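Reader: I'm new to this one and would like to learn how to read it. Could you take me through it a feature at a time?

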Amino acid sequence: MDDPLSPGLYLVATPIGNLGDITRRAVEVLDRVSIVACEDTRVTGKLLHHLGLSKRMIRYDDHASPQDRARLVEIMRNEPVALVSDAGTPLVSDPGYRLVRTAREEGISVTSLPGASAAVLALTLSGLPNDRFLFAGFLPAKEKARDAELRELAGLRATLIFYETAPRIVAALDAVARVLPGREIAVARELTKKFEECRSGSAEDLKAHFEAKPAKGEIVLLIGPPPDEAVTAIDAEAMLREELRYAKPSQAAAAVAKATGLDRKSLYARALELK
Ligand code: SAM
């Protein structure tokens with residue numbers, strides 16, 4: 001029999017598809033904790049069953065209240081508690097951030113066990129530059145907010161990584177084509193599963209592909225960085241056009257100058273021409 005685990009919070013990454021993608025340490029910790037806090041007891045119950053484990057589970061999801069957190073933290077003072085999400089690394093576009101914060105504030109020991117996460121896996125597969133990247137969670141569902149978010153990130157010299165859903169991928173690619181033209185895109189789908197694929201190309205080409213053959217399953221959308229100054233100029237032109245749909249030339253120029261680092265006066269002159 002192993003020594004009991006010290007009391008505290010253990011963040012345990014679980015597979016994102018292929019059940020083989022769980023570490024030996026994760027299985028060992030899940031075996032030795034008293035309680036597994038999880039988003040959905042049915043989903044985690046299946047994983048535990050697959051691992052041959054039977055554990056008390058407590059639901060901890062996006063709707064958890066401060067009282068739910070306080071109760072869990074009280075348990076952690078005396079017992080080891082694992083937090084898992086439905087799939088992948090807890091806290092990455094999943095619940096747990098407030099729980100970790102509260103536990104740390106209360107002086108509870110917090111241990112994080114690394115493992116699968118769709119964002120990093122997609123980045124490594126995509127062939128896009130990975131020396132600088134920004135993971136930005138899910139893009140907003142509404143067009144105006146989605147465009148605004150893409151505009152905000154347009155000047156960043158980094159690969160952008162978003163989580164997406166199959167019903168929204170065509171609209172997302174349409175927005176990328178309009179707001180960030182000329183970028184190299186990758187769409188990574190069903191990672192570690194039977195129908196895994198990672199498709200690269202322009203946003204227009206990928207949009208046409210998924211219009212003709214609707215995407216299924218879970219998706220990561222990656223947008224390559226602007227390759228050089230020339231592309232930044234093209235991006236700036238497209239961004240100006242987008243901004244001018246809602247804003248005055250001076251406001252549009254200010255927003256694009258902030259995003260791209262380009263000269264505001266020249267952008268203003270161009271905005272007046274475009275208007
Ligand atoms: N915590 C998870 C992680 O570490 O990757 C992410 C949870 S988030 C609620 C779910 C989103 O992650 C999906 O909508 C999809 O965008 C992405 N995702 C999860 N599993 C995936 C997979 N096998 N292939 C592609 N994307 C995946």
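Reader: Let's start with alanine 13: is it buried or exposed?

Author: Buried means under 20% relative accessible area, exposed over 50%, and partly exposed in between (1.4 Å probe, protein chains only). Alanine 13 has a relative accessible area of 4%, so it counts as buried. Keep in mind that this is a predicted model, where local features need pLDDT of at least 70 and side-chain atom pairs count only at pLDDT 80 or more, while totals for chains, interfaces and linings use all residues. Residues are numbered from 1 along each chain as its sequence is written, and side-chain values use heavy atoms, with hydrogens and water left out.

Reader: Where does alanine 13 sit, and which residues is it in contact with?

Author: Helices (H or I, at least four residues) and strands (E, at least two) are DSSP runs, numbered from the N terminus. Alanine 13 is in the loop that runs between strand S1 (8-12) and helix H1 (24-32). Contact means heavy atoms within 4.5 Å. Setting aside neighbours within four places in sequence, the partners of alanine 13 include Ile22, Ala26, Gly88, Pro90 and Leu113.

Reader: And for the whole chain, how much counts as buried?

Author: Of the 275 residues, 45% do. The chain has 11 helices and 10 strands.

Reader: How is the chain divided into domains?

Author: Domain bounds come from an automatic or database domain assignment. Here that gives domain 1 (8-116), domain 2 (119-223) and domain 3 (233-274). The centres of domain 2 and domain 3, taken over C-alpha atoms, are 24 Å apart. Their contact takes 11 residues from domain 2 and 10 residues from domain 3.

Reader: What is the area buried between domain 2 and domain 3?

Author: The size of an interface is often given as the accessible area lost when the parts come together. Buried area is that loss (1.4 Å probe) for two parts, summed over both. Between domain 2 and domain 3 it is about 920 Å², with carbon and sulfur atoms giving 51%.

Reader: How many salt bridges are there between domain 2 and domain 3?

Author: A salt bridge is a side-chain nitrogen of Lys or Arg within 4 Å of a carboxyl oxygen of Asp or Glu. There are 4 between domain 2 and domain 3. Look, too, at the salt bridge where the side chains of glutamate 242 and arginine 178 meet (3.3 Å, N to O). On the side of domain 2 that touches domain 3, helix H6 (143-153) and helix H7 (169-179) each give two or more residues, and H6 gives the most, with 4 residues.
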